[in-house]
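Open your viewer and get ready to click along. We'll go stop by stop, with something to select at each one.

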Amino acid sequence: MVGAFQGAGVVVTGAGGGIGAALARRFAAEGARIVVNDLDAERAKHIADEVGGTAVPGDASAIVADARDALGGTVDVYCANAGVAFGGGDAGGPPDENAWAASWDVNVMAHVRAAHALLPGWLERGSGRFVSTVSAAGLLTMIGAAPYAVTKHGALAFAEWLSLTYRHRGVKVHAICPQGVRTDMLAATGSAGDLVLQPTAIEPEAVADALLKGIEDDRFLILPHPDVAAYSQARAGDPDRWLSGMNRIQQQWEATR
């Protein structure tokens with residue numbers, strides 16, 4: 001697929017490291033012009049310099065106009081990759097309202113706001129591509145991380161809605177749903193991540209490769225961990241059995257805390 005995105009304008013949010021940086025590098029290798037976004041301006045500039053792109057640091061919710069200007073007026077691919085992961089959700093304690101609010105804002109509403117800004121131009125010209133970095137937690141769940149699991153379900157639902165609403169008008173949508181990926185976010189998941197995610201964790205570059213293959217195959221759902229498809233089918237086919245299995249993992253985790 002070398003050169004498939006030659007000259008395309010690609011924006012990647014949360015690209016100062018991890019999956020975002022891998023996406024920026026991969027699209028750059030395909031010949032794309034890259035805008036690198038991150039809250040950390042120094043990290044954004046570092047990756048932008050590496051890929052020959054432009055750094056547009058700041059809140060991922062509000063960068064579409066500046067990113068479009070940096071690309072000469074057109075965004076062809078928008079990778080809504082920025083995300084936050086908070087633990088919590090123990091019913092025996094009070095909810096962390098700030099964690100819930102931040103998770104909703106970054107993991108869901110940033111995608112909504114970006115799409116709102118991008119869609120008029122895309123619909124007018126009949127093309128555009130929206131890539132949502134979700135998580136296997138959006139198809140399944142994650143122990144010990146209610147704000148993350150719930151908002152990733154929301155991110156997947158929004159990506160599905162975008163696809164079913166606009167695909168006949170030239171807008172392509174892809175949802176990336178990996179399990180563990182060796183990033184700072186995985187390291188921050190603590191003992192829950194060690195139990196559930198670390199054993200099968202992959203490198204960020206494998207996620208970028210999976211996305212490009214999914215784009216080539218014109219697939220909405222991108223599963224860098226193929227086993228997630230079977231887990232999702234089991235969840236849908238017998239929810240009680242699936243929940244019982246997840247509860248056993250929850251109990252195993254509790255026994256190690």
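Select Gly 126 to begin: this glycine is partly exposed, with a relative accessible area of 34%. (Buried means under 20% relative accessible area, exposed over 50%, and partly exposed in between, using a 1.4 Å probe and protein chains only.) Gly 126 sits in the loop between α4 (97–125) and β5. Those labels come from DSSP runs numbered from the N terminus: helices are H or I with at least four residues, strands are E with at least two.

A quick word on what you're looking at: this is a predicted model, where local features need pLDDT of at least 70 and side-chain atom pairs count only at pLDDT 80 or more, while totals for chains, interfaces and linings use all residues. Residues are numbered from 1 along each chain as its sequence is written, and side-chain values use heavy atoms, with hydrogens and water left out.

Which residues is Gly 126 in contact with, leaving aside its neighbours within four places in sequence? They are Arg 169 and Gly 170, where contact means heavy atoms within 4.5 Å.

**Next stop: strand β5**

Now pick Thr 133, which is found in strand β5. Is Thr 133 buried or exposed? Thr 133 is buried, with a relative accessible area of 6%. Not counting residues up to four places away in sequence, Thr 133 touches Ile 19, Leu 23, Ala 80, Asn 81, His 111, Lys 152 and Ile 176.

**Next stop: helix pairs**

Two packed helices are described by the angle between their axes and the distance between the axes. The axes are lines fitted to C-alpha atoms, for helices over the stretch in contact, and angles run from 0 to 180 degrees between N-to-C directions.

Select α4 and helix α5 (residues 146–166). Their axes come within 8 Å and cross at roughly 15 degrees. That makes α4 and α5 roughly parallel. (Angles under 35 degrees count as roughly parallel, over 145 as roughly antiparallel, 65 to 115 as roughly perpendicular, and the rest as oblique.) The crossing of α4 and α5 is right-handed. (A crossing is right-handed if the near helix is turned clockwise from the far one by less than a right angle, and left-handed if anticlockwise.) To see the contact, show side chains including Trp 100, Trp 104 and His 111 of α4, and Tyr 148, Phe 158 and Tyr 166 of α5.

Switch to α1 (residues 18–29) and helix α2 (residues 41–51). What is the angle at which the axes of α1 and α2 cross? They cross at roughly 20 degrees and come within 10 Å, and α1 and α2 are therefore roughly parallel to each other. The crossing of α1 and α2 is right-handed. Ala 21, Ala 24, Arg 25 and Ala 28 of α1 make the contact with Ile 47, Glu 50 and Val 51 of α2.

Keep α1 and bring up helix α8 (residues 204–216). These two pack at an angle of about 50 degrees, with their axes 8 Å apart, so α1 and α8 are oblique to each other. The crossing of α1 and α8 is right-handed. Among the residues that meet here are Ile 19, Leu 23 and Phe 27 in α1, and Val 207, Leu 211 and Ile 215 in α8.

**Next stop: aromatic rings**

Rings of Phe, Tyr and Trp (its six-membered ring) pair if their centres lie within 6.5 Å; planes under 30 degrees apart count as stacked, over 60 as edge-to-face and the rest as tilted. How many aromatic pairs does this rule give? The count is four.

Select Phe 5 and Phe 27: their ring centres are 5.2 Å apart and their planes are at 85 degrees, so the pair is edge-to-face. Phe 5 lies in the segment before β1 (9–12) and Phe 27 in helix α1, so the pair ties together parts that are 22 residues apart in sequence. Phe 5 is buried at a relative accessible area of 8%, and Phe 27 is buried at 0%.

Then try Tyr 78 and Phe 130, a stacked pair with 5.8 Å centre to centre and 25 degrees between the planes. Tyr 78 lies in strand β4 (residues 77–80) and Phe 130 in strand β5 (residues 128–133), so this pair ties together parts that are 52 residues apart in sequence.

Last, select Phe 158, Trp 161 and Tyr 166, which form one aromatic cluster.
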